[in-house]
Amino acid sequence: MRDQLVKAMQRNQIMNMMYMAKSGEVTKRRIKIIKIVGHTFQAYCFTKQAKRTFLIGSILAVTPVIRKERDVV
């Protein structure tokens, strides 16, 4: 998982993430990774519109957001 996060950070990608909070609640977040330190990473969370710190071990799934360019007619 850490390698996938590092690649996303290097590529400046926006990611969709399924995350389990300490309370056990599962949330879906759209994030952009800022930095990775040890077992945590800091990211801008578009869902909460703020910088947040996440535990790498609490990530359930992460996928890149694919933006399709619209055709100009």
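User: A polar contact is a pair of N or O atoms within 3.5 Å; within protein, one must be able to donate a hydrogen and the other to accept it, and residues adjacent in sequence count only if both atoms are side-chain atoms. Which side chain makes a polar contact with the side chain of N16?

Analyst: This is a predicted model: local features need pLDDT of at least 70, side-chain atom pairs count only at pLDDT 80 or more, and totals for chains, interfaces and linings use all residues. Residues are numbered from 1 along each chain as its sequence is written, and side-chain values use heavy atoms, without hydrogens or water. For N16 the polar contact spans 3.1 Å, and the partner side chain belongs to R30.

User: Does N16 count as buried or exposed?

Analyst: N16 sits in strand β1, residues 14–20. Helices (H or I, at least four residues) and strands (E, at least two) are DSSP runs, numbered from the N terminus. Buried means under 20% relative accessible area, exposed over 50%, partly exposed in between (1.4 Å probe, protein chains only). N16 has 17% relative accessibility and therefore counts as buried.

User: Which residues does N16 touch, leaving out those up to four places away in sequence?

Analyst: Contact means heavy atoms within 4.5 Å. R30, the polar partner of N16, is one of the residues touched.

User: What is the phi of Q49?

Analyst: Most residues other than glycine have a negative phi. Q49 lies in the loop between β3 (40–45) and β4 (50–55) and is exposed, because its relative accessibility is 63%. Although Q49 is not a glycine, its phi is positive, about 55°.

User: How many bridges join β3 to β4?

Analyst: Two strands pair if DSSP finds at least two bridges between them. β3 and β4 form a hairpin with 4 residues between them, and Q49 is in the turn. C45 stands opposite A50 in β4. The strands run antiparallel, and the number of bridges is 6.

User: What is the phi of N12?

Analyst: N12 lies in the loop between α1 (2–10) and β1. N12 is not a glycine, yet its phi is positive, about 60°.

User: What distance separates the C-alpha atoms of Q4 and R29?

Analyst: Q4 is in helix α1 and counts as partly exposed because its relative accessibility is 37%. Q4 and R29 are 25 residues apart along the chain, and their C-alpha atoms are separated by 16 Å.

User: What pattern does the protein chain follow along the sequence?

Analyst: The chain has 1 helix and 5 strands. Read along the sequence, these follow the pattern α-β-β-β-β-β.

User: What share of the residues of the protein chain count as buried?

Analyst: The C-alpha atoms fill a box of roughly 50 × 25 × 20 Å along the principal axes. The accessible surface is about 5,600 Å², with 50% belonging to carbon and sulfur atoms. Of the 73 residues, the buried share is 27%.

Key:
Accessible areas come from the Shrake-Rupley method with a 1.4 Å probe; for residues, only the protein chains shown count as cover.
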